[in-house]
Amino acid sequence: MSTIALERSGSFRAGEMIRQFSIVLVFLLIVAFFSVASPYFMSWPNWLNLVRQSSINGILAIGVTFVILTKGIDLSVGSVMAISGMIAASLVTETNEHFVLIGILAGLAVGAGLGLVNGVLVAAIKVPPFVVTLGMLSVARGLTLIFSQGSPIPNLSDAYKWIGSGQVVYIPVPIIILFLVFIIGWVVLNYTTFGRYVYAVGGNEKAARTSGISTKVIVGATYVISGLLAGLAGLVLTARTTAALPQAGIGYELDAIAAVVIGGTSLAGGRGSLLGTLIGALIIGTINNGMDLMGVSSYYQQVLKGTIIVVAVIADQFRK
Amino acid sequence: MVNATEKIKVQTTAQSSSARVLLRAEGVEKSFNGVPALVDGRLTLKAGTVHALCGGNGAGKSTFLNIAMGLLRRDGGIVEIDGEQVDFKSAADALRHGIAIITQELSPVPEMTVAENLYLGREPKRLGVLIDFSQMRRDAQAFLDELGFEVDATRKMGELSLAQIQLVEIAKALSYRAHIVIMDEPTSAIGEHEVHVLFNALRKITARGSAIVYVSHKLTEIFEIADEYTVFRDGRFIETGNIKDIDRRHLVTQIVGREVKLVERGKPLEDAPILLSVSNLARGSHFRDISLDVASGEVVGIYGLLGSGRTEFLETIFGLHSPTGGEIVFDGGKVKPGSPKDAIQRGMAMVTEDRKDSGLVLSASIAHNITLSSLALMAISGFIRGDKERSAVQDMIVSQRIKSASPDVAVETLSGGNQQKVVLARCLLTNPKLLICDEPTRGIDEGSKQEIYAFLRDFAAKGNGVLVVSSEAPEIMQLSDRIAIFKQGQLVNVIDGAEASQQTLMDLAS
């Protein structure tokens, strides 16, 4: 009658399965379309290129997923990645070659630190996340411009550039970083108490508090994660472009949020998964790549991307 | 000057024919995907009566009412309004035939006045476009006065009490010339005093010849307000009659389908150790200077009207609010104020008043809700041990008799009674010595209620303590060894549960 053994402790449930299934289906349809439209699309080099292009957005989106799961939002990731990349780059130019590790750690620390500021303001002082991270978007961008005096930092050391353009067994390093981040994030969200609490706080903060969860710590920590991953994305970006640009990452927060939303994570909190986000990021990457191959102007690409985001949310509401 | 909308008027039904049948339903059937939800729905609603529709969860009440209101189409059977067969296609269709519903979730626009809400979508206009506010105010007030509802039409909805909002909703329904009003759990969110405001209003409208179908799990209310009753069980009509001809026990038996053994109060132990000791606890304007002990093996009930500080008091003990004065000592140790985490670690657990608002993560699965408070105990350096979690969940599902296809389904799909069992399971998994319960049976059917009473008594009998708030006097009397009475933020009296009567409780509390 009443009981069936639990299959697993992960977060898969019937509803979740359908959700993920439909997003995979959308992805396959888009892939099918472009493979018909452009013969080069399905080639191995193009796929490596596509995933590599998606990796920065993917890393950002994974961080933003944690925040959105708690019912928050992080608009600052584009600017945070710029300042992180800039500070890392300043330590790894050809003139001070041995500082690669220090540069990387500094970049990550700056990202996590700014995330912590976001987290404290949101969780402890109860300022709405939209306002806090909108402020941070501007502050971090300003800091980037001040720090760089408005000019790029070029001539990065070869060891550092490996992060952006190196390969391990034919696989580009950014892709490896993306998948490592995804796997760690997946394990954290599905197999740790912290991950469970993130879902609980987003689903019902009052109930989570009544259950003895330190909700402030959980919410704050998600902004630190988002900041940290924005820092990591900043490292990858500067290493790939071989220079830190003060205007790097403008508008990236929108693509990251789009990937999360297309991936089925609810802006109302408590529902969603990293797999959805990863596929969301790949969908955006595929559209950009496929339309480039077809020679569609990037102006039209923006229109289509915006349309897909809204359609994804509408489809999500219909499922409920 | 054009007045586009017609004035709303009180309907004048002939009062003489009190036995006139407004609504008659026979053999109403409805299945969902081949599963019958309603097999034989029957109801005969007479003008000028309040008719209680009773039944446990899954009895088919909601299905029946949804058919009566036009939200669902029936598969078979007869529904007649004023002797004429009807088959509503929508709620608007039902409203045209004079049937309106007042649901648990009221939908007023809080920033608008009472008059504006009454006339929403059909405002009297000047020159066809400008709203004639003064006429609207006058008409609305006249209408409310005529009904005898004490509500000021110029006040904002947001400033009214829940009972007054319901009065406005009823007035709105009547203004659409509804003469059959369906009320689904109308008192689930309002205090005992307000219940009387509502009941007085109901008597006024039945005196005009309208009829009310009243659905509530609170039997005390049914015996107070209803004239007639009908019982459904497992989708079938069971019995109908005059409420005066039966007693509470008979009604419970009909609803549950078997003799229900009422839970006996245990004998309080002499010199049992004190589990919880609260001294001079205060929190701002909510309550002040309250001292109360709970001994092990004891159930202490708190009775008070809405706004007496009873809920705030419980929540402060559990750490959901920080006290402004006083001290809480539990099991020999001082409790850290404002920390539910500390309270849980010391051995308290709380069942909050509103499951959906603060008790459950509705989007999460049954399993995840059950282990939410004790997850740290099932994890090694933050990693959840799946095997431990599974077996803990399985044990709780069996011991609490949670009915569900799988522990992985979201709790939002469960019935109220089952949801409450999930909350209890979560609390019990932390091995608490004190259970704090705020309205533990709110919105739960009679069979499940008795299970919860039995459970709480049993829990105390094992040497634990229970602190329970309830606004139902019979419930508190049945459960408690001692009853603390709260009034306007103060503890006015503590009386022995065995000596209490409904009348003394009400007199002391109001």
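**Figure 1. Salt bridges across the interface of chain B and chain A.** In this predicted model, the rule finds three salt bridges between chain B and chain A. A salt bridge here is a side-chain nitrogen of Lys or Arg within 4 Å of a carboxyl oxygen of Asp or Glu. One of the three pairs B:Glu412 with A:Arg271. Their N to O distance is 3.2 Å. Side chains of opposite charge can pair when their charged atoms come close.

**Figure 2. The side of chain B that touches chain A.** Five elements of chain B each supply at least two residues: α10 (340–346), α11 (355–359), α12 (366–370), β20 (383–384) and α13 (386–399). Helices (H or I, at least four residues) and strands (E, at least two) are DSSP runs, numbered from the N terminus. α13(B) gives the most, with six residues. By type, this side of chain B has 21 nonpolar, 15 polar and nine charged residues. Ala, Val, Leu, Ile, Met, Phe, Trp, Tyr, Cys and Pro count as nonpolar; Asp, Glu, Lys and Arg as charged; the others, Gly among them, as polar. The contact (heavy atoms within 4.5 Å) takes 45 residues from chain B and 32 residues from chain A. About 3100 Å² is buried between the two chains, 54% of it from carbon and sulfur atoms. Buried area is the accessible area (1.4 Å probe) lost on putting two parts together, summed over both.

Figure 3. A:Lys161 pairs with A:Asp158, with the closest N and O atoms 3.5 Å apart. Both residues sit in α6 (residues 158–165), three residues apart, so about one helical turn separates them. A:Asp158 is exposed, at 54% relative accessible area. Buried means under 20% relative accessible area, exposed over 50%, and partly exposed in between (1.4 Å probe, protein chains only). Of the 320 residues of chain A, 55% count as buried.

**Figure 4. A salt bridge between two loops of chain B.** The side chains of B:Arg73 and B:Asp87 meet at 3.2 Å, N to O. B:Arg73 lies in the loop between α1 (61–68) and β4 (76–81), and B:Asp87 in the loop between β5 (84–85) and α2 (91–96). The partners are 14 residues apart. B:Arg73 is partly exposed, at 39% relative accessible area. B:Asp87 is also partly exposed, at 36%.

Figure 5. B:Arg96 and B:Asp93 form a salt bridge at 3.7 Å, N to O. The two are three residues apart in α2, about one turn of the helix. B:Arg96 is exposed, with 64% relative accessible area. B:Asp93 is buried, with 13%. Elsewhere, B:Arg24, B:Glu26 and B:Glu80 join into one network through salt bridges that share partners.

**Notes to all views.** Residues are numbered from 1 along each chain as its sequence is written, and chains are lettered from A and ligands numbered from 1 in the order in which they are written. In this predicted model, local features need pLDDT of at least 70, side-chain atom pairs count only at pLDDT 80 or more, and totals for chains, interfaces and linings use all residues; side-chain values use heavy atoms, with hydrogens and water left out.
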